[in-house]
Amino acid sequence: LGKTTPIQRRGAVQYIYSDALKNHLSQPGGFILLGLYLTFTWIFDLLPPSYYSFSGGIQYTHVALCLICQDFVQFLMHQLEHVAHPKMY
């Protein structure tokens with residue numbers, strides 16, 4: 001990408017990736033939202049019939065991909081909040 005110029009007065013914040021990842025994974029908000037979503041859709045039979053069948057076992061790769069997709073959607077919503085914030089307040 002080349003040389004970048006920070007827009008913060010004190011310069012760009014230096015992150016230690018492992019610490020930032022631990023901090024991100026320890027935020028429970030996304031898990032609460034996901035839990036509420038899954039509870040609501042399960043109780044009101046809004047999920048596809050395959051979700052209610054245990055015949056195929058748990059496909060852990062699909063579960064991981066769903067969690068990654070959910071995290072990405074939350075990231076997009078967070079980015080949108082940064083853009084919309086000045087207009088909303």
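Modeller: A disulfide is a pair of cysteine sulfur atoms within 2.5 Å. This is a predicted model, in which local features need pLDDT of at least 70, side-chain atom pairs count only at pLDDT 80 or more, and totals for chains, interfaces and linings use all residues. Residues are numbered from 1 along each chain as its sequence is written, and side-chain values use heavy atoms, with hydrogens and water left out.

Colleague: How far is the sulfur of cysteine 69 from the closest cysteine sulfur?

Modeller: The closest cysteine sulfur belongs to cysteine 66. That is too far for a bond. The separation is 6.5 Å.

Colleague: Then how many disulfides does the count come to?

Modeller: A disulfide is a covalent bond between the sulfur atoms of two cysteines. Seen from cysteine 66, the closest cysteine sulfur is in cysteine 69, too far for a bond. The number of disulfides is 0.

Colleague: Is cysteine 66 buried, exposed or partly exposed?

Modeller: Buried means under 20% relative accessible area, exposed over 50%, and partly exposed in between, with a 1.4 Å probe and protein chains only. Cysteine 66 has a relative accessibility of 47%. Therefore cysteine 66 counts as partly exposed.

Colleague: On to helix α2. What does it reach from its first C-alpha to its last?

Modeller: Helices are DSSP runs (H or I, at least four residues), numbered from the N terminus. Helix α2 covers residues 29-43, 15 residues in total. The expected span is 1.5 Å times one less than the number of residues, and α2 comes close to its expected value. Its reach is 21 Å.

Colleague: What does leucine 34 touch, not counting residues up to four places away in sequence?

Modeller: Leucine 34 sits in helix α2. Its C-alpha is 12 Å from that of valine 63, 29 residues apart in sequence. Contact means heavy atoms within 4.5 Å. By that test, leucine 34 touches Leu67 and Gln70.

Colleague: With which residues is glutamine 74 in contact, leaving aside its neighbours within four places in sequence?

Modeller: Glutamine 74 belongs to helix α3, residues 60-88. At 24% relative accessibility, glutamine 74 is partly exposed. Its C-alpha and that of leucine 33 are 9.7 Å apart, across 41 residues of chain. The contacts of glutamine 74 are Gly30 and Leu33.

Colleague: Back to threonine 41. Which residue has its backbone oxygen 2.9 Å from a polar atom of the threonine 41 side chain?

Modeller: Threonine 41 is in helix α2. Leaving aside neighbours within four places in sequence, threonine 41 is in contact with Leu46, Leu47 and Tyr52. The backbone oxygen at 2.9 Å belongs to tyrosine 37.

Colleague: How far apart in space are tyrosine 51 and isoleucine 7, C-alpha to C-alpha?

Modeller: Tyrosine 51 is also found in the loop between α2 and α3. Tyrosine 51 is partly exposed, with a relative accessible area of 41%. Along the sequence, tyrosine 51 and isoleucine 7 are 44 residues apart. In space, the separation is 47 Å.

Definitions and conventions:
Helices (H or I, at least four residues) and strands (E, at least two) are DSSP runs, numbered from the N terminus. A polar contact is a pair of N or O atoms within 3.5 Å; within protein, one must be able to donate a hydrogen and the other to accept it, and residues adjacent in sequence count only if both atoms are side-chain atoms.
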